[in-house]
Amino acid sequence: MKNLRTLYRFELKKLLSRKIVWITVAAMLVLAGFTVCGRFLAGYYVDGERLDSNYGIFQKTRAAQRALSGRVIDQQLLKETWDAYGKIPTDAEVPYVGTEEYWEYAFPYSAVFNFVRATTGMTVSAAMDWKADEADLYRKRQDMLENYWDGYYLSEGEKEYWRQQELSVEKPFTYAYNEGWERLFVVFYTLGLMAQLTIAICLSNVFTIEQSRKTDQLILCSRNGKGTLYLAKLFAGIGFAAGISLLYTIAVFALSLAILGGEGFGAALQLIYPDCSLPLSVGQAVLIAYGLMLIASILTGIFTMVLSEILRNGIGTLSVIGGIILLSMFVNIPYHYRVLAQIWDYLPCSYLTIWNVLDCRLVPFFGTYLNGMQFVPILYLVTAGILWLAGYKIYQAYQVRAR
């Protein structure tokens, strides 16, 4: 055990002493900051005319949404909203968001108006003509959910599972300002890819570096060369992968919540994703999503190291992982190929999108169902264990050939 600790510290120190690690991490942290703050750099235009900066619009939106926080989306609030939108002239020569009446009367209620549109699927014109009706709103939402489930080819058992989940979702919803947490959903996919690319770049030669430097003969014939050293390298890689995921997570959490505000942790998830039936708050869903990113990063780290031992080529390993990531970005398997599509979406590079984390497709599990948040951690941990053992066997069987 003492040797393992010593070798672990040495391998981690060796990994962190490489310039490419620090350059990559620094570049990714800058990009992470841009994903949170970049939207404030441009202006806000309506019909080609600049009305304000994006940051100025954000400040106005935040003030309006904070004023609505704590109000129940019931008949009274819906009536106020549609009365305000009714003051927008229908014969204006500019889009409705460019009228003075919109900014004076309707804008303070825009969050409620947009929630109703997202919940019912109504177009702007249809929403303008809709008669505010609380019962109709929540009835339309249930119809939207049934259509949504049909679109994913859910079985009747899966639909019943979600209907039961819906019973635990408190309605009518209470509005709450949650921009800081919502932004963490928006940057989740980009941050997950950044973490995986960093891990692939930095861990692709953990096992191949001795071979490229031709020191493998000396290392593998030493006392701890084929057993303890494998564990030390793997633990160092796992620690690095977990550390990268946590570092990027802390960075975007600090920026997003500091700039946009931390209110709304307990707001209903359905305020942001109306088609989700999980009885979770916005903050709970964010924490679960980033926890899944941590587990996916560890699996990516193990896969990268084992693949590098199989290929015995760092560039080849990086190319394979980069190719898989690119495929996940551009290839989508139609949902009617249910099993194949679900397997593809559970790959770490595919899964780290919020729509996959909140996916309505379930997995049968010993007479019950597991949703993705429950099944994916099990899948990743089992896969990590298999890769761990496979890598150990390959490393043990490695023989240094004559040069």
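**Rings, cores and a surface patch**

Student: Tyr 55: buried or partly exposed?

Tutor: Tyr 55 is partly exposed, because its relative accessible area is 34%. Keep in mind that this is a predicted model.

Student: How many aromatic pairs are there?

Tutor: The count is 30. One of them joins Phe 40 and Tyr 55, with ring centres 5.2 Å apart.

Student: Why is that pair called edge-to-face?

Tutor: The planes of Phe 40 and Tyr 55 stand at 85°, so the pair is edge-to-face. The cut-off is over 60 degrees.

Student: Where do the two residues sit in the chain?

Tutor: Phe 40 is in the loop between α2 and β1. Tyr 55 is in helix α3, residues 54–68. They are 15 residues apart, so the pair links distant parts of the chain.

Student: And Phe 40, buried or exposed?

Tutor: Phe 40 is buried, because its relative accessibility is 14% and the limit is 20%.

Student: What about Tyr 85 and Tyr 102?

Tutor: They form an edge-to-face pair too, 6.3 Å centre to centre, with 70° between the planes. Tyr 85 lies in helix α4 and Tyr 102 in helix α5. Tyr 85 is buried at 4%, and Tyr 102 is buried at 7%.

Student: Which cluster do they belong to?

Tutor: Ring pairs link them into a cluster with residues including Tyr 44, Trp 82 and Trp 130.

Student: New topic. How many residues are in the largest nonpolar core?

Tutor: It has 106. Helix α15 gives the most to this core, with 12 residues. Tyr 290 is among those with the most contacts inside the core.

Student: What does Tyr 290 touch?

Tutor: Setting aside neighbours within four places in sequence, its contacts include Leu 184, Phe 188, Thr 249 and Phe 253. Another core, of six residues, lies apart from the largest one. Among its members are Ala 200 and Leu 307.

Student: Where is Ser 308?

Tutor: Ser 308 is in helix α15, residues 282–311. Ser 308 is buried, because its relative accessible area is 0%.

Student: Which residues does Ser 308 contact?

Tutor: Leaving aside neighbours within four places in sequence, they are Leu 203, Ser 204, Phe 207, Thr 208, Asn 313 and Thr 317.

Student: What makes up the nonpolar surface patch?

Tutor: Leu 326, Leu 327, Met 329, Phe 330 and Val 331 make a patch of about 490 Å². Met 329 is in helix α16. Met 329 counts as partly exposed, because its relative accessibility is 38%.

Note on methods: Residues are numbered from 1 along each chain as its sequence is written. This is a predicted model: local features need pLDDT of at least 70, side-chain atom pairs count only at pLDDT 80 or more; totals for chains, interfaces and linings use all residues. Side-chain values use heavy atoms; hydrogens and water are left out. Helices (H or I, at least four residues) and strands (E, at least two) are DSSP runs, numbered from the N terminus. Buried means under 20% relative accessible area, exposed over 50%, partly exposed in between (1.4 Å probe, protein chains only). Contact means heavy atoms within 4.5 Å. A nonpolar core is a set of buried Ala, Val, Leu, Ile, Met, Phe, Trp, Tyr and Cys residues joined through side-chain atoms within 4.5 Å. Patches are made of residues with over 30% relative accessible area and no salt bridge: like charges are joined within 9 Å, nonpolar side chains (Val, Leu, Ile, Met, Phe, Trp, Tyr) within 5 Å. Accessible areas come from the Shrake-Rupley method with a 1.4 Å probe; for residues, only the protein chains shown count as cover. A salt bridge is a side-chain nitrogen of Lys or Arg within 4 Å of a carboxyl oxygen of Asp or Glu. Rings of Phe, Tyr and Trp (its six-membered ring) pair if their centres lie within 6.5 Å; planes under 30 degrees apart count as stacked, over 60 as edge-to-face and the rest as tilted.
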